[in-house]
Amino acid sequence: MKKVTTSTLRKMKQDGEKITVLTAYDASFAKLFDEQGVEVLLIGDSLGMVLQGMDDTLSVTVDDIAYHTRAVRKGTQRALVVADMPFMTYATTEQAYQSAAQLMASGANMVKLEGGEWLLPTIAGLVQRGIPVCGHLGLTPQSVNVFGGFKVQGRLPEQAQKMIDDAVALAQAGIQMLVLECVPSALAEAISKAIDVPVIGIGAGVKTDGQVLVMHDMLGISANYMPKFSKNYLNEHGDIRAAVAAFIKEVKEGVFPGTEHSFE
């Protein structure tokens with residue numbers, strides 16, 4: 001099977017084929033997800049919560065992400081590997097370059113950053129230096145203390161318009177993919193139509209170009225709680241490979257997420 005590249009993902013969007021994304025943190029799960037056909041594997045700073053037992057993602061370091069990126073790369077032959085840039089590791093452009101270089105050297109094909117307009121010079125600089133970038137708007141977990149908790153974003157008209165403007169600006173700056181987290185379905189659909197970059201939703205409705213879940217949520221083994229936008233596929237299918245296959249099938253067919261996993 002051919003390797004998934006940024007060009008692959010862009011063509012999938014153009015063709016209307018849904019993109020599947022799962023988090024992965026080790027070689028064994030990466031191999032399983034890769035063999036099942038998941039297009040993108042994300043080494044998320046969610047590891048702070050699902051692996052380290054923290055209440056948020058803020059204590060995760062670049063070294064943490066780099067370690068797990070190396071492990072995931074060992075188990076991956078086909079999928080595109082995306083690594084999160086942790087909290088305060090891209091506060092300046094020079095810091096972002098150093099952090100991204102470490103993650104790319106660890107095996108990432110792309111790095112992911114949270115934020116809007118303020119990130120434009122950093123994104124442009126990373127792309128100019130050969131580092132593909134995934135943006136992240138909506139509920140950006142690294143800003144949890146500013147938001148006052150894990151809350152849906154973009155419900156007010158001015159907030160929605162700002163998110164659309166940010167998405168367009170990020171696309172113009174050169175991002176190759178965009179994650180939308182916990183935003184109303186109609187807003188996610190509008191953003192997906194407004195840019196030619198693949199838009200991946202998590203709690204953003206079914207009209208985005210693809211879906212991402214944290215693997216621990218998808219398998220129903222998260223230590224803390226099950227988010228509204230997730231679904232326990234292991235509970236329904238009783239086998240990890242069957243659960244992953246069901247996730248892929250439901251995303252491809254536009255069945256997941258349902259209205260019960262989305263926000264209006």
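Start with Phe33, which is buried at a relative accessible area of 0% (buried means under 20%, exposed over 50%, partly exposed in between, with a 1.4 Å probe and protein chains only). Keep in mind that this is a predicted model, where local features need pLDDT of at least 70 and side-chain atom pairs pLDDT 80 or more, while totals for chains, interfaces and linings use all residues. Residues are numbered from 1 along each chain as its sequence is written, and side-chain values use heavy atoms, without hydrogens and water.

Phe29 and Phe33 sit 4 residues apart in helix α2 (residues 27-36), about one helical turn. Helices here are DSSP runs of H or I with at least four residues, strands are E runs of at least two, and both are numbered from the N terminus.

Next, select Tyr90 and Trp118. They form a stacked aromatic pair, 6.1 Å centre to centre with 10° between the planes. For Phe, Tyr and Trp (its six-membered ring), centres within 6.5 Å make a pair; planes under 30 degrees apart are stacked, over 60 edge-to-face, and the rest tilted. Tyr90 is in the loop between β3 and α5 and Trp118 in the loop between β4 and α6, so the pair links parts 28 residues apart in sequence. Tyr90 is buried, at 4% relative accessibility.

Stay in that β3-α5 loop and pick Thr89. Thr89 is buried too, at 9%. Leaving out residues up to four places away in sequence, Thr89 touches Val62, Gln95, Ala96 and Ser99 (contact is heavy atoms within 4.5 Å).

Two of those names, Ala96 and Ser99, are among the buried residues of α5. Show that helix, residues 93-105: it spans 18 Å from first C-alpha to last, close to the 18 Å expected, where the expected span is 1.5 Å times one less than the number of residues. The buried residues of α5 pack against α4 (62-75), β3 (80-84), β4 (110-112) and α6 (120-128). Just past α5, Gly107 has a positive phi of about 125°.

Finally, switch to cartoon. How many strands make up the closed barrel? There are 8, running β1 to β8 with parallel pairing; strands pair if DSSP finds at least two bridges between them. Zoom in on β2 (residues 40-43), joined to β3 by 4 bridges, and you'll find Leu41 partnered with Val81.
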